[in-house]
Every structure is written in structure tokens, then in C-alpha cells.
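Student: I have just opened this structure for the first time. Could you walk me through it, one question at a time?

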Amino acid sequence: MLHEQYYVEKEKQERLLARKNEPARFYNGIFTRYKNPVLTREHIPLTWRYDLDTGTNPFFEERLGINAVLNSGAISLNGKYYLVARIEGADRKSFFGVAESDSGLDGFRFWDRPILFEDTCPEETNVYDMRLTQHEDGWIYGVFCSESHDDRSDDPSAAVAAAGIVRTKDLKSWERLPNLVTLRSPQQRNVVLHPGFVDGKYAFYTRPMDSFIETGGGGGIGFGLCEDIEHAVIDEEKILSRRRYHQITESKNGECIVPIGTERGWLHIAHGVRNTAAGLRYVLYAYATDREDPSRVIAEPGGLLLGPLGWERVGDVSNVVFSNGAIVKENGEILLYYAGSDTRVYVAKTSIAQLSDYIFNTPPDPGRSVLCVRKRCELIDRNLEILERENNAPHTVEESL
């Protein structure tokens with residue numbers, strides 16, 4: 001017989017999973033935030049955390065605890081919405097699990113078991129932050145961070161980051177491929193696979209790094225090509241979106257989601273990081289690249305697209321939003337999944353039309369405060385003229401009532 005506390009916890013979880021998500025009051029015309037996170041540690045099945053045998057667990061204690069559910073790859077298949085979430089155990093080790101929803105806004109349920117990859121990388125300690133690309137070659141690829149200890153150092157915190165690659169057709173059976181090799185960059189994180197061939201080759205968005213935490217000479221988001229995905233080697237990386245002084249990308253930046261193809265170009269969402277007295281602050285920003293040449297930036301609006309608000313700012317790593325997954329629906333809507341403070345996963349809704357309008361019509365960052373104020377004053381002057389014309393325009397009796 002199961003412990004009585006099992007039924008208490010199960011009922012709590014079912015209420016959580018049945019809860020409908022609603023739009024938040026936040027408004028900026030670009031996207032709609034939603035009130036509730038779509039994934040938290042409370043969404044993890046009880047069978048993943050508790051020993052249900054009352055003989056070996058008489059107090060119904062959590063044996064394999066979960067600390068957080070965060071950065072999730074996202075994909076839509078056969079009318080369902082799937083998140084491949086990073087799940088961090090109480091032991092700090094991360095792994096992946098597939099959560100399924102009918103709406104993409106709520107009701108995400110994890111499958112019976114987490115993903116277990118073939119153990120082909122014995123030096124690997126930790127895996128996290130998978131981006132899912134439905135490639136034109138017919139495979140679904142997952143590109144994630146593969147972390148290992150840097151055995152050249154006696155420091156137990158010294159680490160090496162590489163881009164791991166897996167592929168699947170159904171999110172159930174996964175084939176592990178060799179890690180991506182970048183000949184000119186010693187470390188890689190936040191790598192994204194482009195959804196189509198470029199000049200007949202596989203294209204990757206990279207983040208060159210000199211060390212595990214600091215980018216060092218890494219100049220921003222890179223772009224590189226490789227001949228063979230089964231033995232992926234990139235010789236040269238062209239920098240697309242650069243780190244810049246006193247902008248949101250000052251400390252580092254990296255690609256977030258798989259770029260979205262439109263007639264005007266590829267729409268990108270990335271993360272930018274700056275250092276503050278309270279630590280690193282992560283926000284999301286957007287830019288666009290040429291449809292035929294995705295290595296050429298054609299629009300880069302200034303400032304952030306989405307930053308942490310309210311409870312999104314509270315968690316293991318506060319004041320952080322981070323994304324590595326979005327789903328584009330047939331009607332052009334975009335569901336953007338992002339983590340709040342490395343603790344839980346939220347969703348925001350926009351559309352190709354809205355995101356395109358934002359990227360192509362928002363002015364770039366002019367780089368200096370005085371220029372930013374001039375630009376804002378120009379906007380104010382135009383708006384005051386519009387309001388004056390509106391106030392002086394004749395109105396009918398019906399309009400006045």
C-alpha cells in the first residue's frame with residue numbers, strides 16, 4: 001500500500017497541471033507575457049523523486065530531489081507541443097526530460113522517464129541547455145552544452161564547455177554524435193544549428209570562448225559551416241552579433257533559439273549579458289540576418305527585447321532570463337519559452353508580424369546617452385504633433401458623446 005502522503009502530493013500536482021494559464025497585465029505591443037510558469041520542479045513526476053516502497057521509505061522522503069527546471073528546447077510535432085527541459089537535480093547534475101502539452105501554454109506533463117543518452121563521452125560531467133532544430137535533412141537535432149572538468153588545472157571548479165550533438169526522429173530514440181569541434185575556439189556554449197543547408201553545408205551559430213565563464217577574446221555570436229554533421233568540424237567562425245561597450249551585450253552574448261525564416265530574413269533571439277554590482281544580468285534581444293546569406297546581419301534594434309520582471313527575477317541565479325526554445329505555429333504565432341533566474345520556465349506569445357515589426361522598425365543603439373536622448377526627443381516631438389492635430393481636428397456629435 002502506498003504511503004498516504006503520496007496521494008496528497010499527487011493531488012497537489014494534478015491541480016497544478018490542470019491550472020489554465022492566463023495573459024499577464026504587462027503590455028508593450030511586442031509580446032504577451034503569461035502569469036504562470038509552464039514548468040517548475042513541482043511538475044516533475046513523483047516517481048522520479050520518491051521511493052514509493054513504504055518498506056524502504058517509511059517517511060516518504062524525497063530520495064532524488066529536483067532543484068530546478070529551466071532552459072528548455074522546444075518543438076511542435078503532430079499537433080502537440082514539446083519542451084526538452086533542463087532538469088537540475090539536488091546533486092547539481094542536469095539532465096533532460098520531455099514535457100508534452102496540447103496548448104503550449106499550460107498542462108505540460110513529463111513523459112514517464114527522462115532522456116538517457118548513450119554514454120560515449122566518459123569525461124563528461126554535466127549536460128544542459130538543449131536547442132532543438134528540425135533540419136531539412138529529415139532529422140531533429142539537439143545541440144547542448146557538454147561540460148567536463150579541466151584536468152589541466154588543480155582547481156575543482158575549472159571546467160571545459162563543448163557543444164554536444166544528438167539526433168532523433170521522435171524525441172524517444174536518440175543517437176549521440178561526436179561533439180562539435182571548432183578549430184579556432186577552445187570552448188563553446190550556446191551553440192545553435194541552422195534549420196537548413198547553407199552552400200550545401202551544415203551551419204552553426206557559435207559562441208567562441210577562451211574559458212568556461214569568460215569569453216575573453218570571443219567577440220560575440222559566431223557563424224560557421226561544416227561538411228559532415230556526424231563529424232562536425234568548423235574551421236572558421238564569422239562574428240555576427242558583437243559584444244559592445246555599455247550595451248546589453250557588454251560581458252557576453254549568445255544565440256538563444258533556432259532562427260525563424262521569413263521573407264524579409266531570418267529572425268533571431270539571443271541573450272545579452274552585462275555585469276552589475278549584483279552580478280551578471282541576462283536579458284533577451286533580437287536581430288535579423290539575410291535570407292540568402294544568414295551570416296550577414298541586416299537589422300539590429302537597440303536595447304533588450306525581454307528582461308526579467310517580478311518573480312522572474314527571483315531564483316537560484318537572480319535577475320536572469322534565458323531562452324533556448326521557441327515554437328512557430330501555422331498561423332504565425334510564436335511561443336517563446338524562457339527561464340526565470342535559472343529556476344522555472346515561462347512562456348511569452350508574439351507573432352512573426354510583431355517580431356518582424358520590432359526588429360526592422362526599432363532604431364539601433366546609437367551608442368551614447370546624448371544621442372539616445374536626441375532620438376527620444378524626436379519621437380516625443382512627432383507624437384506631440386500627432387496629438388495636437390488630433391485635438392484640433394473637428395469631431396462629430398456622435399464622437400463627442
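This is a predicted model: local features need pLDDT of at least 70, side-chain atom pairs count only at pLDDT 80 or more; totals for chains, interfaces and linings use all residues.

Student: Which residue of the hairpin of strand 8 and strand 9 takes a positive phi?

Tutor: Look between the two strands, where the hairpin has five residues. The phi in question is near 65°, and the residue that takes it is L171.

Student: With which residue does R167 form a salt bridge?

Tutor: A salt bridge is a side-chain nitrogen of Lys or Arg within 4 Å of a carboxyl oxygen of Asp or Glu. For R167, the closest N and O atoms of the pair are 2.8 Å apart, and the partner is E230.

Student: How many residues apart in sequence are the parts that E230 and R167 tie together?

Tutor: E230 lies in the loop between strand 15 (220–226) and strand 16 (233–234), whereas R167 is in strand 8. The pair therefore ties together parts whose separation in sequence is 63 residues.

Student: Is R167 buried or exposed?

Tutor: The cut-offs, found with a 1.4 Å probe on protein chains only, are under 20% relative accessible area for buried, over 50% for exposed, and in between for partly exposed. E230, at 35%, is partly exposed. R167 has a relative accessible area of 7%, so R167 is buried.

Student: How many salt bridges are there in the whole structure?

Tutor: One of them joins the side chains of R86 and E88 at 4.0 Å, N to O. R86 is buried at 11%, and E88 is buried at 15%. The search of the whole structure finds 24.

Student: Which strand holds E333, the salt-bridge partner of K349?

Tutor: The closest N and O atoms of K349 and E333 are 4.0 Å apart. K349 lies in strand 25 (residues 344–351), so the pair ties together parts 16 residues apart in sequence; E333 is in strand 24 (residues 333–340).

Student: In what order do the four strands of the open sheet stand?

Tutor: The pairing in this sheet is antiparallel. Strand 1 (32–33) and strand 23 (321–328) stand at the edges with a single partner strand each, so one side of each has no neighbour in the sheet. Strand 23 and strand 24 are joined by seven bridges. The order is 1-25-24-23.

Student: What is the volume of the largest cavity?

Tutor: On a 1 Å grid over the protein atoms alone, a cavity is a set of points where a 1.4 Å probe fits but cannot get out, and lining residues have an atom within 4 Å of a point. Grid points are joined across faces, edges and corners, and a volume is the space filled by probe spheres set on the points. The largest cavity is lined by 13 residues, with R19, P37, H43, D106 and G107 nearest its centre. Its volume is about 100 Å³.

Student: How far apart are the C-alpha atoms of R152 and I359?

Tutor: R152 lies in the loop between strand 7 (140–149) and strand 8, and R152 counts as exposed at 73% relative accessibility. R152 and I359 are 207 residues apart along the chain, and their C-alpha atoms are separated by 44 Å.

Technical notes: Residues are numbered from 1 along each chain as its sequence is written. Side-chain values use heavy atoms; hydrogens and water are left out. Two strands pair if DSSP finds at least two bridges between them. On a 1 Å grid over the protein atoms alone, a cavity is a set of points where a 1.4 Å probe fits but cannot get out, and a pocket is an open set with protein on both sides within 12 Å along at least five of seven lines; lining residues have an atom within 4 Å of a point.
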